[in-house]
Amino acid sequence: QIVVGLGCSYGCDFCCPSHFFGRRHIKFFKSGRALFEEVLRTSERFGLNMITFIGDDNFLIDLDRAEELRRCVVESGKVFNFLIFASADKVVDFGVEKLAEMGAGTVWIGRESRFSDYPKNRRIDMKALVGELRSYGIKTILSSILLLDSHTKENIKEDIDEHLACRPVFSQFSHYAPIPQTPLWDRMRDEGRLIPGVPWEEMHAFNEPWFHHPHFTAQEAKDIQEKAYLKDFYQLGPSLLRYIEAEYEGWKNLHQSAKPHLKARAEFFANQMRIY
């Protein structure tokens with residue numbers, strides 16, 4: 001793991017990494033070249049090509065840095081397998097093929113909800129984007145929010161189905177999560193909706209909510225989240241097999257590529273198949 005930075009300037013109402021750092025994108029590696037040198041050092045030290053960029057909630061927000069990293073990777077001839085966090089709009093702006101050339105193996109994307117209106121997801125065809133990523137062997141961790149104020153017992157199921165239709169390799173279904181210092185916390189506090197006495201360590205969005213929802217009790221919220229994960233498993237299958245499938249799709253698409261670096265990526269996938 002390499003801690004590449006902190007925060008995000010987008011400022012989504014629930015996002016503590018954004019608001020903890022004053023809606024700033026703080027870069028520990030200010031250039032793609034500097035980050036590439038650390039990638040080389042880390043890779044050689046541990047003998048691995050799989051590296052996670054952590055701390056930075058939206059790695060592609062600096063497109064110039066990402067492009068410089070891509071150029072360094074391509075010039076080196078090395079194939080890496082990065083896990084990054086990125087918003088859908090920046091993935092589109094950078095381009096999926098360039099993301100593959102850069103070495104992205106897995107990308108975490110906040111889909112949020114069909115009922116949300118975060119600018120990062122406007123006019124994004126999420127199903128098509130996840131499919132394009134998969135065609136290059138890039139695995140998607142797709143994150144959706146449950147318990148938005150507009151969610152009802154009926155439409156929340158539609159939201160879950162729309163998430164599953166994207167066929168991500170990994171799914172995250174998290175409850176809408178008011179955390180101190182975020183606008184969401186301030187709004188729910190002012191509306192008197194926060195449930196008092198919930199320990200800090202229980203405020204993690206993967207059990208019962210710590211706020212009153214107009215259409216769900218705490219137990220109903222816990223149940224709908226569990227059902228979402230079970231539906232993901234039974235409808236799409238085990239994530240390990242989805243992971244293998246995505247890399248196989250990447251191999252099919254890239255093994256005859258005219259670009260040497262993408263062809264090398266296909267060879268990497270072929271070697272992985274022998275391990276699988």
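**Close-up 1. Strand E4, a mostly covered strand.** Strand E4 (residues 81–85) is mostly covered, with four of its five residues buried. Keep in mind while looking around that this is a predicted model. To find one spot where they line up, look for Thr 52, which stands opposite Leu 83 in E4.

**Close-up 2. The open sheet, strand by strand.** Step back a bit and you can follow seven strands that form an open sheet, in the order E2-E1-E3-E4-E5-E6-E7. The pairing in this sheet is mixed. At the edges stand strand E2 (26–27) and strand E7 (170–175). Each of these has a single partner strand, so one side of each is left without a neighbour in the sheet.

**Close-up 3. Where E1 meets E3.** Here strand E1 (residues 2–7) and strand E3 (residues 50–56) run parallel, joined by three bridges. Val 3 is a handy place to start: its bridge partner in E3 is Ile 54. Helix H9 (residues 218–236) also belongs in the picture, as it packs on the sheet and touches strand E6 (139–146) and E7. The direction of H9 makes about 175° with that of E7.

Close-up 4. Ser 18 sits in helix H1 (residues 16–20). This serine is buried, because its relative accessible area is 0%, and the cut-off for buried is under 20%. Cys 166 is another story: it lies 148 residues from Ser 18 along the chain, and the C-alpha atoms of the two are separated by 26 Å.

**Close-up 5. Helices H10 and H11 packed together.** Helix H10 (residues 239–254) packs with helix H11 (residues 260–275) at an angle of about 140°, and their axes are 8 Å apart. H10 and H11 are therefore oblique to each other. The crossing of H10 past H11 is left-handed. On the H10 side, the residues involved are Ile 244, Glu 247, Tyr 248, Gly 250, Trp 251 and Leu 254. They meet Leu 262, Lys 263, Arg 265, Ala 266, Phe 269, Ala 270, Gln 272 and Met 273 in H11. Sorted by class, this contact of H10 with H11 has nine nonpolar, two polar and three charged residues.

Conventions. Residues numbered from 1 in each chain as written. Predicted model: local features only at pLDDT ≥ 70, side-chain atom pairs only at ≥ 80, totals over all residues. Heavy atoms only, no water. Axes fitted to C-alpha atoms, helices over the stretch in contact; angles between N-to-C directions. Helix = DSSP H or I, 4+ residues; strand = E, 2+ residues; numbered from the N terminus. Parallel < 35°, antiparallel > 145°, perpendicular 65-115°, else oblique. Left-handed = near helix turned anticlockwise from the far one by under 90°. Contact = heavy atoms within 4.5 Å. Nonpolar A, V, L, I, M, F, W, Y, C, P; charged D, E, K, R; others polar. Pairing = 2+ DSSP bridges. Buried < 20%, exposed > 50% of the residue type's maximum accessible area, 1.4 Å probe, protein only.
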